[in-house]
Amino acid sequence: MTGPVHLSAAQARRIALAAQGFGVARPDTAAARHLRQTARDLGVIQIDSVNVVSRTHYLPAFSRLGHYPRETLEAEAWGRTPSFFEYWGHEASLLPLDSQPLFRWRMARAEAGEGLWSGTARFGRERRAYIDGILAEIEQRGPVTGGDFAAGPRGAPGWWSWSDGKRALEWLFWAGKITTATRRGFERVYDLPHRTLPAAVLDRPTPTEAEAQRQLVWISARAMGVATAADLRDYFRLPLADARARIGELVEAGELVPVTVEGWDKPAFMVPACRKPRRIAARALLSPFDNLIWFRERTERLFGVRVRLEIYTPAHKRVHGYYVLPFLQDEAITARIDLKADRKAGVLRVQAAWREPDADGETPGALAEELRLAARWLGLDRVEVVEHGDLASTLTGALKRGD
């Protein structure tokens, strides 16, 4: 039996970028089929409520496809014939509709009280009759929101002061008894799965836990290109023991190949047919919740850049800013910017701009071009830079040269 494949750090990085959809030309006109392919390539798109620039589920497609109609993603997620559905994939996530059967084991565990936030699990145990009553009401009255059940006692801080009705809806959502039919603004509108999702998907056989988890691990490996066991487990937040067992089974079956990577202190894995490009040409502003960088340990391993989310850090302790987007330039993260969409003023505001060690003479111009594209996509008139950060002055100059 041959030993594991050995990759240089640069090879591993290129494989990872290619697997994530970088290194190919953006389409002249991004359409629904491109969004569907991006979702299939990634396997999961995280949802987050922060709207400083754009809610994060819109950003991975922009990073890979460039300017695309945001309403196209909304139609694919919450339209009359959706191709995505919402569930707990990584965190709250949009997932390709075809993968719904792969999460039924998680729904079943949630119904049994496993894998939930502790407060949600306790509520499910203690208030099951109440939860069943909420479900019966949805069956009778149709789509509902958390606001429809806002009355009643509320939880302590950390529970977001949810009402009992909202807690019941969250338990039902985890257990797969209800799903997101659409959203109003950012508020979920819940309904029963058989009134929301296609029968062709719901009628598919339910795989065993082990088979579903094997498929999820394989999807994770395909989406990441090269990944350690910790990377593979994190992608869909699998239980530790389950992830280890499924990785071993996939290796035994030849569906994952063991890999060693220069500079990595843990063994890694890849799917045999992954792309192995000789170079990657790419430009992208990355949401802090983008699949490429959401696992901070992996980001540092791949790019040598320490990325931390500072939204919850007190302002005086922040290093780079509130909502910071790293800038991918070809095969390196060369800058990071604290960005804000000032919609009232029509301005995409760079509140700070910082260079990374791999920045070069082309970084300011490349970043300026991507910022102009982002402003147009967001419907803003211009980009303005606040003179804060060691890249701010040269970025301002690059933007002026392009005007």
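**Pocket, core and sheet**

Colleague: How do you know what classes of residue line the second largest pocket?

Modeller: This is a predicted model. By class, eight lining residues are nonpolar, three are polar and seven are charged. Gly counts as polar here, and Arg as charged.

Colleague: What makes a residue part of the lining of this pocket?

Modeller: A lining residue has an atom within 4 Å of a pocket point. The second largest pocket has a volume of about 370 Å³. It is lined by 18 residues, and the closest to its centre are Arg106, Gly115, Trp174, Arg237 and Leu238. Two elements, α5 (104–111) and α11 (229–235), each give two or more residues to the lining.

Colleague: What makes a set of residues a nonpolar core?

Modeller: The members must be buried and joined through side-chain atoms within 4.5 Å. The largest core here has 128 residues, and Val226, Leu348 and Leu371 touch the most other members. Helix α14 (residues 363–377) gives the largest share, eight residues.

Colleague: How do you know which residues Leu348 is in contact with?

Modeller: Contact needs heavy atoms within 4.5 Å. Beyond four places in sequence, the partners of Leu348 include Leu339, Leu371, Ala374 and Val383.

Colleague: Why do β2 and β4 count as paired?

Modeller: Pairing takes at least two bridges, and β2 and β4 have two, so they count as paired. The sense is antiparallel. Gln46 stands opposite Ser93 in β4.

Colleague: Why are β2 and β3 called edge strands?

Modeller: The open sheet runs in the order β2-β4-β3. Strands β2 (45–46) and β3 (84–88) each pair on one side only.

Definitions and conventions
Residues numbered from 1 in each chain as written. Predicted model: local features only at pLDDT ≥ 70, side-chain atom pairs only at ≥ 80, totals over all residues. Heavy atoms only, no water. 1 Å grid on protein atoms, 1.4 Å probe; cavity = no way out; pocket = protein on both sides within 12 Å on 5 of 7 lines; lining within 4 Å. Points joined across faces, edges and corners; volume = space filled by probe spheres on them. Helix = DSSP H or I, 4+ residues; strand = E, 2+ residues; numbered from the N terminus. Buried < 20%, exposed > 50% of the residue type's maximum accessible area, 1.4 Å probe, protein only.
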